[in-house]
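Subject: Handover of a structure

Dear colleague,

Please find the structure below, followed by a description of what was found in it. I would ask you to keep the model open while you read.

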Amino acid sequence: MEKLCNLSLLELHRGAATSLALLCRYLSTAEVSTALRPFYFSVHPDLFGQYPAERTVNENSLKQLSSYLENLQQNRPSRPTRVTFYLRSQACTDTTLLKGAFRQVKISLAQRDVRKTVLSILQSCDLSTTYVDNIAPPLNNISRLNNEIKFSKFDENHPIYSSERMKAKIKRTKDAEQLRTLMFGNDTGVSLDGAVMLSSGEVRNNWLDFLKNVHKQDAALLRIPAFERAVSQVLRNIQVVRRKFQPKVMANIYENHLRRLTTSLSDYQGQRGYPKHWPQSLDHFELVVETEAGPLMVSPTGQFIVPASCPAFLLVAFITSNLDQATERLLHYKSNKHVERSLHARCVSQLGLSALQKDDNITPDLMIAFCERLIAHSDELAPLLSGVRLWVTHYYSVLSDGDMCVPWNWKL
């Protein structure tokens, strides 16, 4: 999904309007690739075949940049970092560079949204930003909307109050304020984590109508736990959970998914019943209900990932065929989590680390391998790493705050 950045939203609950503190557009993955094409053309490692040192620097920096952009687009926390590139001269058209045909550029990655990061990269390399400016301007129209809906001050002379009906609604509700998060994307609604989502393709009046009635969408959030329990009860008390980094889903849509799955399973259970060799309780298994077009699979951690459109007979057959695999993966994951915690504590203690953290995509298996290798070389590394804040990633780097990033498969 094409996303826009998180914004602070002061929402007057119960039919109120909103105050938008900040608005800035995210770029889609395709737009980022297009915008950075001149940059990639200038720093691609293949252009530095005769200069292995510069080639290696660019390779590592591109990995860091890719990870940073991915985290921003997935709305994950991104740590500020600084990357170095050797930049090919625009006047050089051959794939073999002369020593004087490239220059070193240091780029700070400290922005909180993709658009600003892309602009910072292009500007650091003296490359044109026209493409980004054209496809993703600073949304001046929405900024004007911001001015038009700052109702907390209740300026009755503002043109937006020309409607007596609007005045009455705002007066009744302007005192009930609460902090919310606003995001722009392809859909309008309230997400499972309570964020207010607005479709970037809709007109301003539609946004205002939705924001004035957002409390009706909030009601779905209150009903969802009951629907999750209903799925659990009809499927022998299986745990209905959500994946940590799954795409944003509207609460009302998720509610419909759960309702649909509950009905389908109830009908199946009443007509056929579940296989006799199933355990009497599935309470130690986990089920994740995803979008209608999602995959039917067992995750690496042993969760059953189920699309809402999956027919009950197919889901029952899939669970039947994969109970052993799910059990094995679940036990392996839980066991590895305990091993990881133990090794983590040993590493911090034996090497005198100030902190040891990891990126979200570093699984317990990878972290265990990292820690075991670190402990094996603790005698020679302890003097060097004492007091260091170590961050386990897929690349080497030293961040501006002094944190040292090391790949999980590091080598001496």
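Strand 13 (residues 389-393) pairs with strand 15 (residues 404-407) in the parallel sense, over 4 bridges. Here two strands pair if DSSP finds at least two bridges between them; helices (H or I, at least four residues) and strands (E, at least two) are DSSP runs, numbered from the N terminus. Thr-393 has Pro-407 in strand 15 as its bridge partner. Strand 15 is also joined to strand 14 (residues 397-398), by 2 bridges, and these strands run antiparallel. There, Val-398 has Met-404 of strand 15 as its bridge partner.

The model is predicted: local features need pLDDT of at least 70 and side-chain atom pairs count only at pLDDT 80 or more, whereas totals for chains, interfaces and linings use all residues. Residues are numbered from 1 along each chain as its sequence is written, and side-chain values use heavy atoms, with hydrogens and water left out.

The pLDDT (the predictor's confidence in each residue, from 0 to 100) has a mean of 77 over the chain, and 75% of the residues reach 70 or more. Confidence is lowest in strand 1 (residues 7-12), with a mean of 32, and highest in strand 8 (residues 239-241), at 94. The pLDDT also stays under 50 over residues 137-178, for which the model has 65 contacts (heavy atoms within 4.5 Å) beyond four places in sequence.

Helix 9 (residues 214-234) and helix 10 (residues 251-271) pack at an angle of about 25°, and their axes are 9 Å apart. Axes are lines fitted to C-alpha atoms, for helices over the stretch in contact, and angles run from 0 to 180 degrees between N-to-C directions. Angles under 35 degrees count as roughly parallel, over 145 as roughly antiparallel, 65 to 115 as roughly perpendicular and the rest as oblique. Helix 9 and helix 10 are therefore roughly parallel to each other. By class, their contact has 12 nonpolar, 5 polar and 4 charged residues. Ala, Val, Leu, Ile, Met, Phe, Trp, Tyr, Cys and Pro count as nonpolar, Asp, Glu, Lys and Arg as charged, and the others, Gly among them, as polar.

In the other pair, helix 3 (residues 52-73) and helix 4 (residues 114-124) pack at about 155°, with axes 10 Å apart. Helix 3 and helix 4 are therefore roughly antiparallel to each other. Leu-65, Tyr-68, Leu-69, Leu-72 and Gln-73 of helix 3 meet Val-114, Thr-117 and Ile-121 of helix 4.
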